[in-house]
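This briefing is meant to be read beside the sequence and the coordinates, and the points below are grouped by topic.

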Amino acid sequence: AEDLIHELEDIAVLLARGAAEVVRDARRGRLSVSAKSTVTDLVTAADREVERWLVARLAALRPGDAVLGEEGGAHAGTAAGGRVRWLLDPIDGTVNFVLGVPQYAVSVAAELDGTVVAGAVCNPANGELYRARQGAGAYLGGERLTGPRDVPLERAVIGTGFGYDARQRTRQVAVVAQLLPRIADIRRIGSASLDLCAVAAGRLDGYFEAGLNVWDYAAGALIAAEAGALVSGLRGRAPSGLLTAAAGPHLAPALLALLEELGADAVNS
Ligand code: IPD
C-alpha cells in the first residue's frame, strides 16, 4: 500500500497544481456566474470546467478509480471493487473567486478503502500548495508544517464558515455570538480547505464548521491532522458534514467541549 499511497499523493499534487493553472486562466476571462442550491450558493463556468479537467486527467492516469466531484461532473470508472476514490472540489471558495478575494483553492483528496490517505490543496491566487500523505506529515511547498499554536481558548483565533442553508446560518449566528466572548477572535476566510490548511500552517489556532460536504474538507482535514492538529467532529465522532473541527491537541478538548455545549452540530445533516 505504501507505493500506492505515494503514487496517489503525487497525482493529487499534480492535479491540484494543474487545475490551479486552469483556474488562473479562467479568472482572466469573463466569469459566468449562476446560483446553485440557494441564490448565495454560487457556481461559475470555471468550477465546471476545472472539474471536467480534473476528471479527464484522472481518467487518463487512473482509469479504474471512482470520482466524487462537487459539480457532479462525469464520474470516471466507478468500477465495483475499486479501492480508490477521488474527492474533488474544483474551486473551494467560489464566492471569493467571483469577488477576486485571493482565498480560494483546488482541493484533491484520495481515499483508499474508504480512508483519506493523500491530499493536496492549491491556492491559484498565490500559488501556495499544501499536501499530505497518511503518516508522512504535511507540507506547504518544501516546508514541513508543525500545526497551530496551542494557546488557551481565551487567546485563540478561530476560523469558521456559514454554509448556505438558512436554518443552519441562524444556528451558526447563535453559536458564534456565544463563542466570541470566550475566545480572542474569529476569522471567516471563505474556503473550508484553506481554513484547515491555515490550521496546519499555524495561521489559525483552530477551525470549525457545520454542514460541509466531504469534498470541502477531505484533503484539508488530512493536511491539518498530519501537521499535528486534532481533527474531529463533536462527541468523539470523526469529522463529517455534522461538524468538522481542527485545533492543537491542548486547545481541541476545550474548543470541542464548548462547541458541544453550544450545540454547534449541523441542523439538517
Ligand atoms: C464553500 C466554502 C465556504 C464554506 C462553505 C463551502 P464552495 O465551498 O468552503 O468557506 O463556508 O460551507 O460550501 O461552495 O465555495 O466550494
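Predicted model: local features only at pLDDT ≥ 70, side-chain atom pairs only at ≥ 80, totals over all residues.

**Overall form**

- The C-alpha trace of the protein spans about 50 × 45 × 35 Å along its principal axes.
- Of the 269 residues in the protein, 49% are buried.
- Among contacts with a separation of 6 or more, 64% are made by residues 24 or more positions apart.

- In soluble globular proteins, nonpolar side chains tend to be buried together.

**Helix α5 and Ala200**

- Helix α5 covers residues 192–200, and nine of its nine residues are buried.
- The buried residues of α5 include Ser193, Asp195 and Cys197, as well as Leu194, Leu196 and Val199.
- Ala200, which also belongs to α5 and is buried, is in contact with Tyr130, Ala138, Leu145, Gly147, Ile223, Ala224, Ala227 and Ala229 when its neighbours within four places in sequence are left aside.
- Gly202 follows α5 and has a positive phi, near 75°.

- Across the boundary, 31 residues of domain 1 are in contact with 21 residues of domain 2.
- On the domain 1 side, at least two residues each are supplied by β3 (66–69), β4 (84–92), α3 (94–99), β5 (105–112), β6 (115–122), β7 (129–133) and β8 (138–140).
- Sorted by class, this side of domain 1 has 16 nonpolar, eleven polar and four charged residues.

- Strand β6 has seven of its eight residues buried, so it is largely enclosed by the rest of the structure.
- Strands β5 and β6 run antiparallel and are joined by seven bridges, and within this pairing Val106 stands opposite Cys122 in β6.
- Strands β6 and β7 also run antiparallel, and five bridges join them; here Val121 stands opposite Tyr130 in β7.
- The hairpin of β5 and β6 has two residues between the strands, whereas the hairpin of β6 and β7 has six residues between the strands, and in the latter Gly127 takes a positive phi near 75°.

**Positive phi outside glycine**

- Asp113 has a phi near 50°, which is a positive value in a residue other than glycine, and its place is in the loop between β5 and β6.
- Asp113 counts as exposed because 9 other C-beta atoms lie within 10 Å of its own, and the cut-off for an exposed residue is 12 or fewer.
- Arg235, in the loop between β13 (230–232) and β14 (244–247), likewise has a positive phi near 50° in a residue other than glycine.
- Arg235 is exposed too, because 10 other C-beta atoms lie within 10 Å.

**Asp265, a buried acidic residue**

- Asp265 lies in the segment after α7 (251–262).
- Asp265 counts as buried because 20 other C-beta atoms lie within 10 Å, and the cut-off for a buried residue is 20 or more.
- With its neighbours within four places in sequence left aside, Asp265 is in contact with Ala210, Leu234, Leu242 and Leu243.
- The C-alpha atoms of Asp265 and Glu209 are separated by 8.4 Å, although these residues are 56 residues apart along the chain.

Key:
Residues numbered from 1 in each chain as written. Contact = placed C-beta atoms within 7 Å. Helix = DSSP H or I, 4+ residues; strand = E, 2+ residues; numbered from the N terminus. Nonpolar A, V, L, I, M, F, W, Y, C, P; charged D, E, K, R; others polar. Pairing = 2+ DSSP bridges.
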